[in-house]
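Biologist: I have not looked at this one before. Please take me through it, starting with the terms.

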Amino acid sequence: MLELGERHWLAKAATWDFGEAKIELPNVAYFTSPGVKPPEYAVLTCGPGGALSHSGSTLSPDGLYEGMLPPFSPMPLLREDGAAIDAKGSVCLLQGKGWPDGPLPDAELYVLVNAAELWKRPRELARRLARFSDLAPCESALYAPGCATPANLALLLYCGVGLVDDTLAHVAAASGISMGHEGSLPSEESMDDLLAHNRRELHSELKKALRYMKMGRLREYAEYKAGAGPLSCALLRHVDLRHYGSVEAHVPLEGPKFRANTRASLTRPDVVRWHERIMERYRPPEAAKILLLIPCSARKPYSLSRTHALFRSAIQRSGAGGVVHEVIVTSPLGAVPRELESFYPARHYDIPVTGDWDREERHRALALVEHIVKVGSYSKIVMHLDVEAEFFRALDADASTGGEDATSAKSLDALAAALKEAAKGLERISSRQREVADLAGLARFQFGEAGDSLMRDCTTRMGRGHVQILKGGEQVASYREERGMLSLAPAGGKILAESGGYCVKIDDFEPKGTVFVGGVLDADKDIRAGDDVAIMHGTEVRAVGVARMSGPEMLRCKRGEAVKTRR
């Protein structure tokens, strides 16, 4: 049996009941034979014929290799003939070019037989890995033999591989190659010494990757490791650009802080999802008639930074606060409306600030801002930007006040004057009206069209450390800046249920504490881990809570927490 633990996107921590032992995954299997002993830290070993062993327990996926494990026999090539899938008990061999359209046969361990050959074809490997994530049972692991090195192990784990072996450590040692975390170099050491070194490096990299996985930052580390070689870089690009949907479904709406230091950060699934939600869901507050474009800050959320405190002061001096809509121009997200600045990942990323924007960064920022202008009801556009003003010229702004130093007294005075001029003749609204309008934009970003129903005719009231959202005197949701999202109250769950969005349907029981997947009958496909959801039986809303996995996973998994209910 395989029990899932914590997940980081496609990567899964799991405990595998292997004979009488419990094996923690991801892990490395070490080749052993009469002449080759496993290292002292080995938990799993593999031997002739592909048999995996631990303390006398043996799992033998027959047919994995025709003879001995590499490097003592040729690597298996892609097979054109025979069955694409060969299920043997708890092991399923995946081979050949064709995979079925439906779910894979039930198994605990799936072996990507041709992994060594597929590594040289990153586009095809990305397709297979994405296909596996779409089809395989949640309670399973993928074994990719013959392709792991210290330089690519973290990337393989990120792509959903749960078990690898030390085959290439043997190949490298026999060829006089010393493996390292950044790549490989020729060496004059003996084969035995090189093998011991290569194995230690692989083991060390596993421990490091697991630490990043535990912190929720494996994607960040995989981006860094993808730079170790062209095949690694190509694999990550193919997964990002061609299989976004297979990965995004496993990406929570909450996460830790991360560094966006590489070009690959632009194609992170959580970053791409932000871009899609702005384009497909987001609507600016209708009362906001002046669009103000401002630069980002190192500190997050931006409003806590000294730079943005100066901007807000200038807005207040202008007397136009209620009708000004601030949109922060930044990379890799492109554009962040002020009311979304605490929504993941807007307050969680960190980037190197140099003032240099490449073509893709410029295109993304301009596309998002142009869309915001299109769906908004602005009468004026004011830009208070530094170097970014150059690539927003197409907007034909009414005023541009930033210059080389957007925080200088001269620039800030110019900003206040420009906003005062732009606000002439515009109807003012109260801060409370604007707060409701901003929360309505957040609700739509979070729940889609169901968010419109949730916020219609609502008012707000300050609670202890949070904003209460009321409809007809009854609380429907609340907002805490630390979380950056709306938290549903039972009355809000009923509104979502009536709109048909973000609902989990359960069997006939009273949900308390945790709803497990065994009790789930259906779930909205748009639900992601971290989403607030309504829990229903029939047409009755019995609770609200936070999803612990995506809607599709709730229906695929046999075990695990589906929703954590809210008191």
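Modeller: Helices (H or I, at least four residues) and strands (E, at least two) are DSSP runs, numbered from the N terminus. The model is predicted: local features need pLDDT of at least 70, side-chain atom pairs count only at pLDDT 80 or more, and totals for chains, interfaces and linings use all residues. Residues are numbered from 1 along each chain as its sequence is written, and side-chain values use heavy atoms, with hydrogens and water left out.

Biologist: OK. Which element gives the most to the lining of the largest cavity?

Modeller: Helix 2, with 3 residues. On a 1 Å grid over the protein atoms alone, a cavity is a set of points where a 1.4 Å probe fits but cannot get out, a pocket is an open set with protein on both sides within 12 Å along at least five of seven lines, and lining residues have an atom within 4 Å of a point. The largest cavity has 15 lining residues, with R7, L10, K12, F132 and S133 nearest its centre.

Biologist: What is its volume?

Modeller: About 130 Å³ for the largest cavity, where a volume is the space filled by probe spheres set on grid points joined across faces, edges and corners. Its lining has 9 nonpolar, 3 polar and 3 charged residues. Ala, Val, Leu, Ile, Met, Phe, Trp, Tyr, Cys and Pro count as nonpolar, Asp, Glu, Lys and Arg as charged, and the others, Gly among them, as polar.

Biologist: Back to helix 2. How many of its residues are buried?

Modeller: 10 of the 14, so helix 2 is largely enclosed by the rest of the structure. Buried means under 20% relative accessible area, exposed over 50%, and partly exposed in between (1.4 Å probe, protein chains only). F132 and S133 are among the buried residues of helix 2, and both are also among the residues nearest the centre of the largest cavity.

Biologist: And what distance does helix 2 reach?

Modeller: Helix 2 covers residues 122-135 and reaches 20 Å from its first C-alpha to its last, close to the 20 Å expected at 1.5 Å a residue. The expected span is 1.5 Å times one less than the number of residues.

Biologist: Now the open spaces. Which residues lie nearest the centre of the largest pocket?

Modeller: G5, E6, R7, H8 and R548, out of 38 lining residues. The volume of that pocket is about 1000 Å³. Strand 1 gives the largest share of the lining, 6 residues. By class, the lining has 17 nonpolar, 8 polar and 13 charged residues.

Biologist: What about the second largest pocket, how much space lies in it?

Modeller: About 820 Å³. Its lining has 29 residues, with R312, R338, E339, E435 and D438 nearest the centre. Helix 10 (306-318), strand 17 (324-330) and helix 13 (431-447) each give two or more residues to that lining, and helix 13 has the largest share, 6 residues. The classes there are 8 nonpolar, 10 polar and 11 charged.

Biologist: Different topic. In the largest nonpolar core, which residues touch the most other members?

Modeller: L293, F392, L486 and M554, in a core of 143 residues. A nonpolar core is a set of buried Ala, Val, Leu, Ile, Met, Phe, Trp, Tyr and Cys residues joined through side-chain atoms within 4.5 Å. There is also a second, separate core of 19 residues, which includes L2, W16, L44 and C46.

Biologist: What is F392 in contact with?

Modeller: Leaving aside neighbours within four places in sequence, F392 is in contact (heavy atoms within 4.5 Å) with L293, V329, A365, L366, V369, M383 and L385.

Biologist: Now the backbone. Which bond is cis, with omega near 0°?

Modeller: The one from L25 to P26. P26 sits in the loop between strand 3 (21-25) and strand 4 (27-31). Y344 and P345 are also joined by a cis peptide bond, with omega about 5°. Most residues other than glycine have a negative phi, and most peptide bonds are trans.

Biologist: Then what is the phi of W9?

Modeller: Positive, about 60°, although W9 is not a glycine. W9 is in the loop between strand 1 (2-8) and strand 2 (11-18), and counts as buried at 5% relative accessibility. Y502 has a positive phi too, about 55°, and is buried at 2% relative accessibility.
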